[in-house]
Structure formats: C-alpha cells, structure tokens
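This briefing is for a reader meeting the structure for the first time. Please keep the sequence and the model side by side while reading the points below.

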Amino acid sequence: MQKMQKPGAGLPGFPNPAAKAGRWSQALRNFKSAEHGRRAKQWLTPGMGIKRWFTLFGACTLIGALGFLHFTWTGPLHYTATSWILWLNNFTEPEVLPLWVVGAVVMALALIGALTAMTMLNRSVLRSVGTDPGEAVNVIYARNTLARGPRIVALGGGTGLSNVLSGLKAHSSNLTAVVTVADDGGSSGRLREALDMIAPGDLTDCYAALSDSPVLARLLLHRFARGEGLAGHTFGNLLLATLSEEQGGLGDAMQDIHEVLNVAGAVYPATPQAVTLIARLRNGEEVRGESHLAQVGGVGAGKIGIEEVRLDPPDPPALSAVTDAIAHSELIVLGPGSLFTSILPALLVPDIQAAIRASAAPLVYVASIMTEPGETDDLTMDDHVQMIDRHLGRVPDVVLVNSEAVPSFVQDRYRAAGATLIAPHSRHAAFKLRLRHAPMLLAGQAHHDPHKLAAALVELLAPVGRGRRGAQAQITRIR
C-alpha cells in the first residue's frame, strides 16, 4: 500500500517543509560562519592591541617549552621525563607514524587547553564587570579604532547638531559638540526660568546622539506626557537640571555628566552663563528671545527680515575645554541647523570667536537645504555664508552642499509649512570656489542623512591624511 503523502509536501507550487527547514539551517550556519569571520577579522585589526600580546604569548610559550625541556633533560627530572617519553611512544609505531608526532599532538592539546583557560578567565572577568563577552570585540574595536579618529569640533544646536554627531561617532570618538544655550521655549525655557540655568534641551539631544547605549539615549529623550510639573519635560533635561542645581551650574558639572552618560566624545555649552538672544530687524526694531524670532523675523509674507543677532549679556565666558578643543581640532563644523537660532548663537561668544579665527583647522559650513519659516525666508546660499562671516569674522573654507534632488512631493510638503528650497549654488565667484557638493539627503525628507553627511565631512580629511596641513591641502585640492 502506497504511503499517503502530506498535503502540499513535495508537490509543485507548494513549499517542502523539510527543504525549507534545511535552507533555514544552512542560512543560519552561513550567518554564524560569517559572524565568526567578522569577529576574527576585528580581533586582527591594527591598533586593537591583540596581535602583539598574542605573539608575545606564543613566543614565551615556545621559549618556556624549550627551557622546560632543558631543565627536565639535564636536571633531577631526567628519569621522570624519560619514563614519560617512553610511555608516549607506546601509542604509535615508528614504521607507521614518526614518534615526534605524538609529542606534537600532546603539545597542541596543552596549548589549546591553555588558550581555553585564558578565554574562560577573560569571559568571567568581563561578565563580572557587566560586559557581554560576545560584544567585547566590538567594544575594544570601537574604542581603540575610534580613539585614533580625527579631532572634530561641531557647533550649533537643534536636531541638526545631534544628527551630525550621531553620524560622526562612527568615525571618531574625538568629537566635541559646542551647543547653543539661548533657547527660551518649551521644557528648556521653563527650567531656565525656574532654576536660572542655561537651556538644557539641545545639550540633551547631543548627549543622546553620542551615547553608546540605545537604552540610555531613549531614556534621555523620553518626554513626560503627564504629571503635575513634569508634563512636557524630558528625562535628560531634568537630569541636567539636577546636576546644575547640585553643582551650582552646568559648567562645573560637565565632567560628572560625561562620566555618568559615558558618551563617545564631549558635549559642552557654548557658555555656562544664561544668555538671551536678541535680533535686530531690518527696520531697526529688536526682538528679544529666540522663541519670538520666527513670528517676526522672516521677509516673506510681509515680514521684515533679520539684520543681525547678538547675546545679552554681550560678553559671556566660554569654558576652557571648548577653546582648547577648537585650538587642537582638525576640522570645525558649523551646522547643519537654523542659521539665526542654532548656528550663530554659538558663534557669538567672544572666546569662541577668537579661537575659531585663530585656528588653522578648516572651517566647514553645512549648508541648509530648506529655508527656515519666519527666519531665513528668501535668503540665498550666499546670504547664509555672508551672515556667518559678519557675525564670526571668518568665511567658511568649505560650504558643504547636498547634491541630491529633493523630491517634488517633499518640497510641496515643506512649502505648505512656509519653507522653500535653497538653490545649491552661488552667484559669487569667490564663494563658488568654496562649494563642495555631496549626496547627503535623507530619503523622503529635506534633511541631511547623518551617515552620508559624516562620510562627506571625514572625506575632507581622509584622502591626504589628517592633521591641519593635510586638511588644508585637501581644501586647496577641492578648490
């Protein structure tokens, strides 16, 4: 009697469960093999500090074996060693297999046992300090490799600065974020008014962007939706407010914050002093407070337009860590972000201005893709660069411009909100020489893709070697 076949099994057009399971099993084996190969390659990456010690271990093992052989053959263990060798010789026939092969096998087994013991010891130590042994290679690779990355200082605020940091941390851990703290709206404004502290909102975003822990990043950005006095605040803002209250200001709490959050780089406020942004409009009027600029600043729709911005008080101090980072930087990045409320406020601190003007590192401005409604309506690419020059006293060496076309439906969506596309070219011959185009568009948006942007920035240094001379040579080559 013919055995009944399960419905669909082996029939044309129906998947065979056994075959499907076999394919999944083979795919899993291939994945594990590829993962083991990737980890082995990472362990052997130059700069990991692994090959040198493994080589030393092998050399010392060989020398130790030779020394032990000499000791046993010439010392009091001669009889014991001879008995051991004669006993091992019983496991083979010289006519079939040379006698030395037995010794080689025993030596290999002993070496494997020693390596296994070392591996298990390291696993125990890693688990005791809270590190997953399977992720150890990734942690060591990231720290050792990224520690040799370029020294980059990024200035600005808002989502633009946090985005560029999240992309750059894959290339270097020598990152310093200098964050504007003039925000007076939302959670930052409430905490600033209640506690007389600097605005913590943009600092929180940058800490989350540089965090090595996705869980910690998510917690920092968690915004309370309920609770009297808590609604609207983020956990990160409350954490910074707590440290500021305890230390008498965030400027004195920076080291504690970096240790607690364990970020890949450093985040500092542009000034530890609470400041207010003041804008002078083209008709001579002044607007006090960052949150009010969008209501009156733009030139579109009958608005007046912003002539310049300044801080009150006009001469706030900068942290020495900020000026030192700028002095030793290999690349200084402005933006991306809102011109008047994110980039310029960070450049209005006198000590920061002086440090940037004195620095030989290339100054790169990441050009905005769209205008800011109520702030930069009808401003061209040249207008943005001229505003930076007017407030900073130095023209960016490179203006990094997105070269990907923004889809029409995306432009329509932004146009409905009052934003228009900024033409990615310059009318002035001097500015044209500074333009550098690269594909940096985030799919379905009119924002920069963090990873594409970071790659474009690092490329300014990579082809000719890092360092100020190399960077300047690359800038010259671009021009």
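Predicted model: local features only at pLDDT ≥ 70, side-chain atom pairs only at ≥ 80, totals over all residues.

Helices here are DSSP runs of H or I with at least four residues, and they are numbered from the N terminus. Just after one of these, helix 7, residue D196 takes a positive phi of about 55 degrees.

**Helix 6**

- Helix 6, which spans residues 158–168, is mostly covered, since 8 of its 11 residues are buried.
- The buried residues of helix 6 are G158, G160, L161, S162, V164, L165, G167 and L168.
- As a general point, an α-helix has 3.6 residues a turn, so residues three or four places apart point the same way.

**Helix 7**

- In helix 7, made up of residues 186–195, the buried residues are S187, S188, G189, L191 and R192.
- Among the elements that cover these buried residues of helix 7 are helix 8, helix 10 (235–247) and strand 4.

- Three strands form an open sheet in the order 5-4-6, and their pairing is antiparallel.
- At the edges of this sheet lie strand 5 (286–288) and strand 6 (306–312), each of which pairs on one side only.
- From one strand to the next, the twist averages 25 degrees.
- Strand 4, covering residues 276–281, pairs with strand 6 in the antiparallel sense over 6 bridges, and within that pairing L277 has L311 of strand 6 as its bridge partner.
- In general, the strands of a sheet pair through backbone hydrogen bonds, in either a parallel or an antiparallel sense.

- T271 is found in the loop between strand 3 (266–269) and strand 4.
- T271 counts as buried because its relative accessibility is 1%, where the cut-off for buried is under 20%.
- The side chain of T271 reaches two backbone atoms: the nitrogen of Q273 at 3.2 Å, and the oxygen of P317 at 2.6 Å.

Conventions:
Residues numbered from 1 in each chain as written. Heavy atoms only, no water. Buried < 20%, exposed > 50% of the residue type's maximum accessible area, 1.4 Å probe, protein only. Helix = DSSP H or I, 4+ residues; strand = E, 2+ residues; numbered from the N terminus. Pairing = 2+ DSSP bridges. Axes fitted to C-alpha atoms, helices over the stretch in contact; angles between N-to-C directions. Polar contact = N/O pair within 3.5 Å; in protein donor to acceptor, adjacent residues only side chain to side chain. Contact = heavy atoms within 4.5 Å.
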